[in-house]
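The notes are in the order I made them.

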Amino acid sequence: MLDGMRKASQNWIGRSIMAVLMGFIILSFAIWGIGDIFRGFTSSTVATVGTQTITAEQVRFAYQTQLQRMQQQFRRAITNEQARAFGLDRQIVTRLVAEASLDQRATSLGLAMSTEDLADAVRKDPAFAGLTGKFDVSRFNEALRDAGLSEQAFIREQRKVYLRRQIAETLSGGMKTPKATLAAVHRYRFETRAIDYVVLPDSALDAIAPAAQDVLQKFYDDRKTAFRTAEYRKFVTLAITPEGIADPTKISDDDAKARYERVKGEKFGTAEKRQIQQMVFANEDEAKAASQKIKDGASFQSIAQERKLSDADVNLGNVTRGEIADASVAQAAFTLAAGAVSEPVKGQFGYVLVRVEAIQPESVKNFADVAGQLKADLALERAKGQVQILRDKIEDERTSGKTLTEAAQIAGMQVRTVEGITAAGLDKAGNLITDLAERDALLKAVFASDVGVDNDTINGSTGGVVWFEVAGVEPARQLTFDEAKTEVERNWKDEEIARRLSEKADALVEKIKSGTSMEDLAKETGLELKHAGSVQRIGGDELPQGVIARVFALPSGSAGSASGDGFTRVVFKITDSQIPPVDFDSDTIKGAADQILAAMNEDILAQYVTKLQTDQGVRINDAAVQAAIGGNTDPNGLF
C-alpha cells in the first residue's frame, strides 16, 4: 500500500488526490486522539457522540457491507484479518462517528427536508439514472438490494445524507481554487529548462591505489552491519499444479473437435455481426399496421420518421447475437436476410419490427491450426480435477504420520529439495531461484515456519497446491573482516570513486561560476559538450531523475552537478527557463482546480468535524468494536 501511495505522489495530480486522503487522516486523529475514552459502556454500545449512541449492530452492518464491496472490487475473498490490515474497522467507526456528529449539528441548527423535496432529490440523483439519463426505478431497487435496505430505511438514511451535504456545502459553497495556486501548479508541471552539460566518467580520475590494511579495517568497522551473511533455509517442497500434471497428448482428436465446434466463433475467430434497426410499438395492432405499410412499399425509415423516432431510437448498432439483450429480438435479427424486415415480434418491452441493414459473416480459424491449443486447454481443465485427487492422497498419508517425502513417493511423485535460499530468493552463489511454484508465498511461509513444524498448504493461483517442510536453518551472522575483505575492498573503492568524482565535479562547477564557458570547459577536460533543451520535472532528454531534480533545485543561470548513470557525474549550467502562459480554461487546469478544490473542501470539513467532536464529546468502546467486527489481532486493543 505504501508503494502505491508513493507512486501516486509522483505526479502533481496524484499529490492533489493524496491531499484528500490526508483530510481523512486528520479526521481520524481527531477521533482516535482523544484519551481515556474506553470506560463506562454497555456491551452493545460502540461509541457515544454527544447524546447519540452508535450501536454494535450499526458497526457490524456497515463493516460487512463495506467488506462485501471490497470483495467485489478485488474479486476474491477477504478475511477479517486482511480487512483490519487495510484499516477497514478504523475507517468504519471513524465514518460513523463523523456522521453522528454532523447529524447532531443538523438537528441543533433545525435543518429539515420534506418528503417531497427528498423524493425530488432522489429522482435527480445521478447515482440512480439509467441509460437515458433519467431516474431508473430498477437501478434504484438494485441499489437498495446491494445496500441491504428497505425503501423506508433508505429514505430515512438518505434524509440524513442530504442534510449532512447541506452543512458541507455551506462551509465551502462558492469557494474557488485560487488562481495563484493554479499558476503554481502550472509552473511546476510545465516549466521547461535548457541546460548545457558534460558527463564526467570515472575514467577521468587518476588511478586509485589499493587501500592500506588499516583504512580497510576502519571502513569495515564503521559499516560492520553491512557485512553479514543472509539467513539461509533448507526446505523440501512438493507442488501439484494443473499446469504441471496436464498432458495434452492424452486428449483425443474427437474431444478436441467437439470443443472446437462449441467455441470456434468466440475463441478462434470473429463472431457474426449484424447492423440492426428496430421499432418498438405499444401493442400488436400498431406493429402489424406498420408492417403492412412496409410490405406495401413504405421504407422502414419513413415509418420511423412518421413516429418521430431519431436514429438513436432506432439503431441498435453493429452487434453480435449475444449483445442483444432481448432474446426474441436476437432470434429474429439473426434469421433475417440483409435488408429484410421481420414480422411483429413480441419482445420484453412491446411488439418490435426488426430490420437487418448489413451482415458481417463470422471468420474462424481451421481446426488444424488450433488443435494444439484446444488439447492444451482440455488437458488443463481435466488436470484441475486430478489435482484434488492427488491432494487428498498426499494429505491422507501426511495425516497418518508420513513425511512429505514419503507421502509423495506413495503418490508416485517427487519432492524438490532446496539446499539453501534467502528470503529474497537467492541461493548461496547469489543466483535468483525463480522456478518455485507460488514462489513469493512459499518463501514467505518458509521463513515464517521452523524445523519440525507441520505447515498448512499453500493454495496456488491456478488451482494447485504446494506443500513444504523446513529441513534446516542457517542463521544470519556477522562476517569477520577476513571473510568480508573482498567485499570491503570493492565497497571502499566504489565509495572512493564516487567521492573523487564529486570533488572533481565541484571543482568544475566553481570554474563555471568564475566565468569559464561550458564550451571552454569541454575543451579543457576533453569531454563532449551536450545540450538538453526540453527538460521538465517529469523528465526530458533522457537525463537521470536525480540530475533533473538538481536542475530544478537551482535558479535559472546557475551551475551545478549531480550523480549520473553508473560511475558518472553530470556537470551542467542552466541556460534557459520557459513557462508557457497559463490557460485557466484548459481541461488540464480545470481538472487540477477541481481536485485541489475537493482537497480544500475535505480539509475544511475535517476541521469542522474535529471542532464538533471536541464540543460534543466522543467516547469509543474498543471491546465492543472488536465484538462487532469479530476478533482482535492486537492484545493491547485495536485503537
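This is a predicted model: local features need pLDDT of at least 70, side-chain atom pairs count only at pLDDT 80 or more; totals for chains, interfaces and linings use all residues.

Entry one, helix 3. I looked up its extent and found residues 56–74, which is 19 residues. From first C-alpha to last I get 27 Å, close to the 27 Å expected at 1.5 Å a residue. I then asked which residues of helix 3 are buried. I noted Ala 56, Val 59, Ala 62, Tyr 63, Thr 65, Leu 67 and Met 70. For reference, an α-helix has 3.6 residues a turn, so residues three or four places apart point the same way.

Entry two, strand 9. I located strand 9 at residues 350–360, where it pairs with strand 6, residues 273–281. The sense is antiparallel and I have nine bridges down for this pair. Within it, I traced Lys 273 to its bridge partner, Gln 360 in strand 9.

I also checked strand 8, residues 345–347, against strand 9. These two run antiparallel as well, joined by three bridges. Here I have Val 345 with Val 352 as its bridge partner in strand 9. How many residues does the hairpin from strand 8 to strand 9 pass through? I recorded two residues.

Is Lys 444 buried or exposed? Its relative accessible area is 67%, and exposed means over 50%, so I list Lys 444 as exposed. Last, I took the C-alpha separation between Lys 444 and Ala 424, which is 9.3 Å. The two residues are 20 residues apart along the chain.

Definitions and conventions:
Residues are numbered from 1 along each chain as its sequence is written. Side-chain values use heavy atoms; hydrogens and water are left out. Helices (H or I, at least four residues) and strands (E, at least two) are DSSP runs, numbered from the N terminus. The expected span of a helix is 1.5 Å times one less than its number of residues. Buried means under 20% relative accessible area, exposed over 50%, partly exposed in between (1.4 Å probe, protein chains only). Two strands pair if DSSP finds at least two bridges between them.
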